[in-house]
Amino acid sequence: MIITELLGARVFGPDFLGFVSDVRFSLDTESVGLPARLYGIIVSPHARSSSLGFERSGVRSPWPIASLVRWRHRGSFLVRWADLERIDVERIQLRPGFERASPELP
Amino acid sequence: MTSDNHRQSLRWLDAHLHLLDRQVLDVHGVPVAVVDDLELSDIPAGLEIPRDAPMPTITALLSGPTLATRIFGGRPPKSRMLRTPWVAVREVGVVIKLSVGRDTRDLSWTERWVRDHVIGRIPGGRHTPKGEESDHAQSNDRGGGAS
Amino acid sequence: MKRVFGLALGILTAIGGFVDIGDLVTNAVVGSRFGLSLAWVVVVGVLGICVFAQMSGRVAAVSGRATFELIRERLGPRLAVMNLGASFLINLMTLTAEIGGIALALQLVSSVNYLLWVPFSAIAVWLIIWRVKFKIMENVAGLVGLCLIGFAVGLFLLGPDWDELGRQVLQKVSTGTEKTSTYWFYAVALFGAAMTPYEVFFFSSGAVEEGWTTKDLAESRANVLVGFPLGGVLSLAIAGCAAVVLLPELIGVTTLSQVMLPVAMAGGKLLLAFIILGVVAATAGAALETTLSAGYTIAQFLGWPWGKFRPPAQAARFHLLMMVCLLIGLGTLMTGVDPIQVTELSVVFSAVALPLTYLPILIVANDPEYMGEHVNGRALNGIALVYLVIILAAALAAIPLLIITGAGQ
């Protein structure tokens with residue numbers, strides 16, 4: 001599978017939740033081959049893609065643009081890999097009782 | 001899995017923010033391609049994912065003719081994309097640096113073709129511009145490379 | 001001496017941006033029709049390009065990334081492609097005009113027909129890009145282009161009524177024969193000429209060509225603070241000369257020789273020769289700047305190896321692209337198109353395309369991932385945001401004004 005097949009897909013729990021605005025990987029800098037594992041997906045209720053990332057990075061400047069982007073992606077949350085139940089074309093189903101985590105980059 | 005957050009050696013990369021559309025440089029710092037897509041391992045599509053399924057990993061960087069598809073939509077078939085295996089990646093920062101040289105891959109046959117058939121045939125094409133001195137000892141890190 | 005040469009990048013960028021063939025004529029047109037009442041636009045434009053170039057030069061020095069690479073990385077593919085299309089077309093139009101400008105200037109000093117100078121100019125520009133080292137190119141073109149200071153000398157020699165000029169600077173619309181919409185059209189055109197995106201593409205790529213790092217931030221700042229205000233002074237001098245000589249007689253400006261008329265009157269043949277040398281160097285500098293910018297934008301967007309610091313064989317597609325652009329420009333000019341009209345149009349389109357170029361730089365200049373500790377300070381962000389508003393206003397007003405005024409008739 002390639003990542004653009006995941007990006008922009010609709011995400012469903014019991015109801016429609018939003019779109020996959022980004023995908024998060026954890027890069028293991030100590031292991032051989034620098035494995036980059038799919039840690040989770042970022043779900044944004046209102047927007048299909050998020051390439052500026054102000055809602056995640058904590059950067060507040062320049063403030064009008066950062067505020068605009070944060071507003072556009074309000075309510076975004078992170079869902080970990082384990083909570084993904086099913087991936088179809090343009091559609092991702094989450095497990096019942098999935099956990100919403102903060103999308104902020106640690 | 002929550003303990004992952006506390007491991008110092010883990011870095012977090014978001015596809016749009018850190019990987020897609022980034023420049024890829026070969027081991028000499030020469031630009032090779034732009035990351036247009038990422039190839040992921042084993043995701044069972046259309047089936048229920050087992051609870052203990054391991055996290056998919058990035059297996060390759062993909063670069064291809066996406067200019068038209070970005071304007072009009074869709075994506076080129078995977079066979080038309082140039083594939084750089086993830087194991088060739090040495091460092092991920094503002095640019096993505098590889099551990100292999102450009103010419104060892106098929107990544108830039110157009111560059112090689114233009115070089116061999118057009119530019120190389122014009123006098124002076126293979127020399128650095130007149131007056132070049134050693135202040136360009138680190139020149140290979142520029143023109144697409146980070147300092 | 002080395003310190004003077006260290007400022008050559010900024011000076012060349014400014015000269016190629018502010019007093020290329022189109023701006024030479026536009027400044028004279030403005031002076032002949034509005035006096036110095038649009039001088040405030042030049043000041044606003046100079047400050048704006050200083051802010052813009054300072055940010056992009058700093059970003060290039062700290063992160064090693066040139067402007068169009070950042071546009072691709074931060075703007076997202078669709079907007080970046082739109083920007084690429086617009087910027088490339090503008091570059092192509094402008095480089096065509098500049099090659100024509102070199103030919104026009106050479107025609108003035110010789111009795112050789114303009115159309116014969118056009119291929120000569122195109123080939124000369126190509127040869128310089130092909131073989132001459134970036135530093136030598138910028139030093140020669142930038143510093144010889146400073147001969148245009150002859151316009152300022154000419155202005156003094158004309159012994160103008162300084163009170164009258166001062167009065168024009170402070171008033172809004174001058175003669176009753178000009179409509180307000182035309183005034184604002186030329187305001188947008190002058191602003192677009194000062195803040196043309198290709199100046200920033202060239203300056204930031206030039207920073208990478210020169211290998212600037214965090215140690216060179218002071219040099220980057222000096223280049224900006226010397227180069228662009230100098231360009232502004234030259235613009236104002238040209239407008240001033242036209243205001244003093246041509247405005248009272250209501251002489252219109254359509255040709256390069258009319259631009260030179262005030263100087264010829266003031267200082268005779270010697271000053272005129274000095275000026276023409278400056279015009280040739282400035283237009284050649286602008287041709288080099290726009291051709292290289294055309295190469296930089298496409299190569300950076302598509303991820304090709306680029307740069308004059310590489311032998312052409314190692315940046316093959318980059319050089320091939322520039323050769324093709326020069327051929328297109330040459331072909332277009334040989335059909336008899338007026339280079340001056342081409343560039344006046346491209347300046348207006350630059351104003352429209354500017355926001356998409358400005359925004360990524362503003363964002364990246366604030367991004368700690370690229371900039372580390374060298375992110376924008378609050379004061380700079382304040383000014384930069386004010387300019388974002390001005391730039392958006394100019395971009396929205398440009399096309400309507402172009403249509404309403406029929407390109408300033």
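A residue counts as buried here if 20 or more other C-beta atoms lie within 10 Å of its own, with C-beta atoms placed from the backbone. Everything below comes from a predicted model.

**View 1. Helix H4 of chain C, mostly covered.** Look just past the end of H4(C) and you'll find C:Gly64, with a positive phi of about 75°.

**View 2. Inside the largest nonpolar core.** This core has 205 residues, and the members touching the most others are C:Val125, C:Val188, C:Leu190 and C:Ala242. Helix H14 of chain C (residues 256–302) is the top contributor, giving 24 residues to the core.

**View 3. Zooming in on C:Val125 and what it touches.** Leaving aside residues up to four places away in sequence, C:Val125 touches C:Ile99, C:Ala284, C:Ala287, C:Leu288, C:Thr291 and C:Leu326.

**View 4. Where chain B meets chain C.** Here 36 residues of chain B are in contact with 35 residues of chain C. On the chain B side, strand S3 (31–34), helix H2 (67–72) and helix H3 (109–117) each supply at least two of the touching residues. H3(B) has the largest share, with four residues. Sorted by class, the side of chain B that touches chain C is made up of 15 polar, 12 nonpolar and nine charged residues.

Definitions and conventions:
Residues numbered from 1 in each chain as written. Chains lettered and ligands numbered in written order. Predicted model: local features only at pLDDT ≥ 70, side-chain atom pairs only at ≥ 80, totals over all residues. Contact = placed C-beta atoms within 7 Å. Nonpolar A, V, L, I, M, F, W, Y, C, P; charged D, E, K, R; others polar. Buried ≥ 20, exposed ≤ 12 C-beta atoms within 10 Å, placed from the backbone. Core = buried A, V, L, I, M, F, W, Y, C linked by C-beta atoms within 7 Å.
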